Structures are given as C-alpha cells and as structure tokens.
Amino acid sequence: MKKIILLLVLVFGTNTLLAQVDVITKHNGEVVNGKVIKLEEFTIIFKYDGEDAENTISKYAVEKIVYGKSGRVEQVTEKIVVSSEEDWEKVQIVEDIAYVSGLKKVGEVRGKTGLINYHTGNTGDKKAEKKLKMAAAEMVCPFILQTADKSTVGATSNGLGGSQNIKKGLAYKY
C-alpha cells in the first residue's frame, strides 16, 4: 500500500512540475519549453527549461504562449503570409536586431530611386521603401531589418531630379 501511495505521489508531483513550464510556439512550428520572464513591446525575454541564461525572441516569430502555472493561452502575433511580389505591402520593416531574433535571415535587399528622377524628397523615400519591400516579397520574406537609409542631394537640391534615396536591409522569414 505504501508503494502505491508513493508511486501516485511521484506521478502527480512530476506532472505538477512539468505543468509549470511555459510553452512558446513559434510560427515556423518550433516549440520552446521554458519560463517567460518578461513581455516587451516587440520582444519576449525567457529562460529555457533547466537553464538560467536569459534569451530574447521577437514577438514576430511567436504565435502563442501557453503559461504552465495557469494554463492561459496568449496569442502573440498573427502570421504574416507573403507568397509573391504582389504581397509587398504586408512586409514589415524593423530597425532593431532584437525584433528579428528567432527569424531566419535569407539575404540582402535594396531599394533605390534613380539619380535623375522626378520625385520630391518624401515621394522618393516612399518609392525606395516600396522597392525595398518588393525585393523582400520576391524572396517570400515578410520582414526586413533596415541597415541603411540614405538620401543624396545633387547641386540642384531645390529642384526636381537632384536627389536619390537608397534603402538597404536584410530579409527575414519564419
């Protein structure tokens, strides 16, 4: 009888300990077991189960979190699906490397306007951004980590055609 009681205590005790682990489900299907420390605006700080080091993952990479203590499910972000260049408007541009933590880097993208163009500064900037997003969408990547944003102005800076906008970044996907 004592053995049966001890066995039941061990089984239920183990289940209780395992239920304390938070489960982070990423959009790529990967599951991370650990303890969520803090949710920030664009990132999640967590510790892997059995480790003390704090890790950071982008909220963009995470679908949901199931909290072990309460069982509460928190939907973190919707998956952004980019399947072709026509989906360029869905592409998100971020400027902090922490915002792409947990995503897979695919390659470099670039968007620029011609040196001789008929855009004012603001429309030239928008045109370069559109080209940058289209390049990422062509690579089926919903995220860009912007690495450079440059405007050059020629001798006729107050007239049309004297400026060029160049944007560079790294494209990421789930």
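These legends go with a handful of close-up views of one predicted model. Residues count from 1 along each chain as its sequence is written, and side-chain values rest on heavy atoms, with hydrogens and water left out. Since this is a predicted model, local features need pLDDT of at least 70 and side-chain atom pairs count only at pLDDT 80 or more, while totals for chains, interfaces and linings use all residues.

**View 1. An open sheet of six strands.** Here the order runs β4-β3-β2-β1-β5-β6, with antiparallel pairing. At the edges sit β4 (54–58) and β6 (73–75), each pairing on one side only. Ignoring direction, neighbouring strands of this sheet are turned by 40° against each other on average; the axes behind that angle are lines fitted to C-alpha atoms (for helices over the stretch in contact), and angles run from 0 to 180 degrees between N-to-C directions. Strands are DSSP runs of E with at least two residues, helices are runs of H or I with at least four, and both are numbered from the N terminus. Two strands pair if DSSP finds at least two bridges between them.

**View 2. Two strand pairs from the sheet.** Strands β1 (residues 22–26) and β5 (residues 62–66) run antiparallel over four bridges, and K26 has V62 of β5 as its bridge partner.

**View 3. An aromatic cluster.** Ring pairs link F42, Y60, Y99, F143 and Y174. Rings of Phe, Tyr and Trp (its six-membered ring) pair if their centres lie within 6.5 Å; planes under 30 degrees apart are stacked, over 60 edge-to-face, and the rest tilted. That rule gives five aromatic pairs. One of them is tilted: Y60 and F143, 5.0 Å centre to centre with 45° between the planes. Y60 comes from the loop between β4 and β5 and F143 from strand β9 (residues 143–153), 83 residues apart. F143 and Y174 make an edge-to-face pair, because their planes stand at 90° with ring centres 5.6 Å apart. Y174 belongs to the segment after β10, so its pair with F143 in β9 ties together parts 31 residues apart in sequence. Y60 and F143 are both buried, and so is Y174 (buried means under 20% relative accessible area, exposed over 50%, partly exposed in between; 1.4 Å probe, protein chains only).

**View 4. The largest nonpolar core.** It has 28 residues, and I24, I65, L103, A136 and F143 have the most contacts inside it. Such a core is a set of buried Ala, Val, Leu, Ile, Met, Phe, Trp, Tyr and Cys residues joined through side-chain atoms within 4.5 Å. Two or more residues each come from β2 (31–39), β3, β5, α2 (121–138), β9 and β10. Leaving aside residues up to four places away in sequence, I24 touches E30, V31, V32, V36, F46, V62, K64 and I65 (contact means heavy atoms within 4.5 Å).

**View 5. Q164 in strand β10.** Q164 lies in β10 (residues 163–173) and counts as buried because its relative accessible area is 12%. A polar atom of the Q164 side chain is 2.9 Å from the backbone oxygen of T113.

**View 6. G71 in a loop.** G71 lies between β5 and β6 and is partly exposed, at 43% relative accessibility. Its C-alpha atom is 9.0 Å from that of Q20, 51 residues apart along the chain.

Technical notes. A polar contact is a pair of N or O atoms within 3.5 Å; within protein, one must be able to donate a hydrogen and the other to accept it, and residues adjacent in sequence count only if both atoms are side-chain atoms.
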